[in-house]
Amino acid sequence: MIHLRLLGAASLAALATAAAAQDGSLTVLDYPGFEEPSFHPAYGEAHGERPISFFGDEEEAFQKLRSGFRADITHICAGSVTKWTESGLIAPWDTSKVDAWEDLDQNLTGQQVGGETEEVYFLPTDFGSTAIAYNPEEVPAEDVGSLDVFTDPAYAGRMALPDNVDDAYALAYLATGTTDWTQAGAAEFEAATAWLREVHPNLRTYWTDPAELSQLLASGEVLVSWAWNETFPAMVEEGRPIGFQREASEGSSLWLCGYVKMKDAPGSEDLAYDYVNAMLASDAAVPLLEAGFGTANAAALGEIDEETLTASGLEKIEVPVLAQLPISNALREQHAETFEMIKSGF
């Protein structure tokens, strides 16, 4: 019965998406949570609800689209841009139709983000930090002053890393002295890999989503974790003890996500631009920030006071930052294959 009900729900979702496409509306393939209306208020006010389909990770989304699922725009992160651009699945954006293009943080819109082409295939919309989340009632602040905390036997069995290859390798590169992974060679890769292998036995788990991590931290099962900054405001709101160390001596990492436009999209291209314009508008900046996401609109972000940025875990820092920008497919595949081996104990 359960399987029949799931099949029925999936079939209804597919029918709804197909009907919406025939209607000339918009279908978005996205991470759970980004359906929040306050993240793109102008779109909802002008057009109402839009069909949205969710995925667990970008590889799932990639395979779903390659298998024939049709969407108009898809939310991906910068590390995947090269793969998606080379896949032939996506089409370039017309930046003249992006209202906030001139206001976007130029560090997030450069050639290295868009891929090896003058055309813009990736439109950055949201970013955040990955740093050390910890329980300040049980972990002294000085213990998280360095990423060496993940090798500290005092916390063995009570630490966690994200089950995400990009975040894990960003941490490992930082811990071993690399702050620009686009320039990483064989020696840097081997050092980062050896560090992850050293850390693996100390871990309680690899967390898969921020809600799971919040529960692990709240229960005391985990005292120290490499975490996205959205964990910080969520736990503060719940009244849970939480610290977020972005100024470990080796640095912290910055993830960057945005939208790609699908080639031969079934819906309305005008609505696709309306959607991304709404998400990049200034009235979406604070709702995104309150959920732990920075907006790529530098002008809008610049209007937000430092206290609000600090409360979200995105205050200015003085330590090195490793930006999770696109890397070659060969290196990313090497990361992915090796990370799976490390998680399996090899």
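Tutor: Before we begin, a helix here is a DSSP run of at least four residues, a strand is a run of at least two, and both are numbered from the N terminus. Please also keep in mind that this is a predicted model.

Student: Which element gives the largest share of the lining of the second largest pocket?

Tutor: That share comes from H12, which gives 3 residues. The second largest pocket has a volume of about 480 Å³, and of the 20 residues that line this pocket, the closest to its centre are Asp 105, Phe 127, Leu 254, Leu 301 and Leu 314. Helix H12 (298–302) and strand E12 (321–323) are the elements that give two or more residues to the lining.

Student: What makes up the lining of the second largest pocket by class?

Tutor: The lining has 12 nonpolar, 4 polar and 4 charged residues.

Student: Why is H6 called roughly perpendicular to H14?

Tutor: Helix H6 (residues 165–175) and helix H14 (residues 329–343) pack at an angle of about 90°, and their axes are 10 Å apart. Angles of 65 to 115 degrees count as roughly perpendicular, and the angle between these two helices therefore makes H6 roughly perpendicular to H14. By class, the contact of H6 with H14 has 8 nonpolar, 2 polar and 2 charged residues.

Student: What makes H6 roughly perpendicular to H7?

Tutor: H6 and helix H7 (residues 186–199) pack at an angle of about 105°, with their axes 8 Å apart. The range for this term is 65 to 115 degrees, so H6 is roughly perpendicular to H7. The contact of H6 with H7 has 10 nonpolar, 1 polar and 1 charged residues.

Student: Which residues in H6 meet residues in H7?

Tutor: Ala 168, Tyr 169, Leu 171, Ala 172, Tyr 173 and Ala 175 in H6 meet residues in H7 that include Phe 189, Trp 195 and Leu 196. Among the residues of H6 that meet H14 are Ala 168, Tyr 169 and Tyr 173.

Terms used. Residues are numbered from 1 along each chain as its sequence is written. This is a predicted model: local features need pLDDT of at least 70, side-chain atom pairs count only at pLDDT 80 or more; totals for chains, interfaces and linings use all residues. Side-chain values use heavy atoms; hydrogens and water are left out. On a 1 Å grid over the protein atoms alone, a cavity is a set of points where a 1.4 Å probe fits but cannot get out, and a pocket is an open set with protein on both sides within 12 Å along at least five of seven lines; lining residues have an atom within 4 Å of a point. Grid points are joined across faces, edges and corners, and a volume is the space filled by probe spheres set on the points. Ala, Val, Leu, Ile, Met, Phe, Trp, Tyr, Cys and Pro count as nonpolar, Asp, Glu, Lys and Arg as charged, and the others, Gly among them, as polar. Axes are lines fitted to C-alpha atoms, for helices over the stretch in contact, and angles run from 0 to 180 degrees between N-to-C directions. Angles under 35 degrees count as roughly parallel, over 145 as roughly antiparallel, 65 to 115 as roughly perpendicular and the rest as oblique. Contact means heavy atoms within 4.5 Å.
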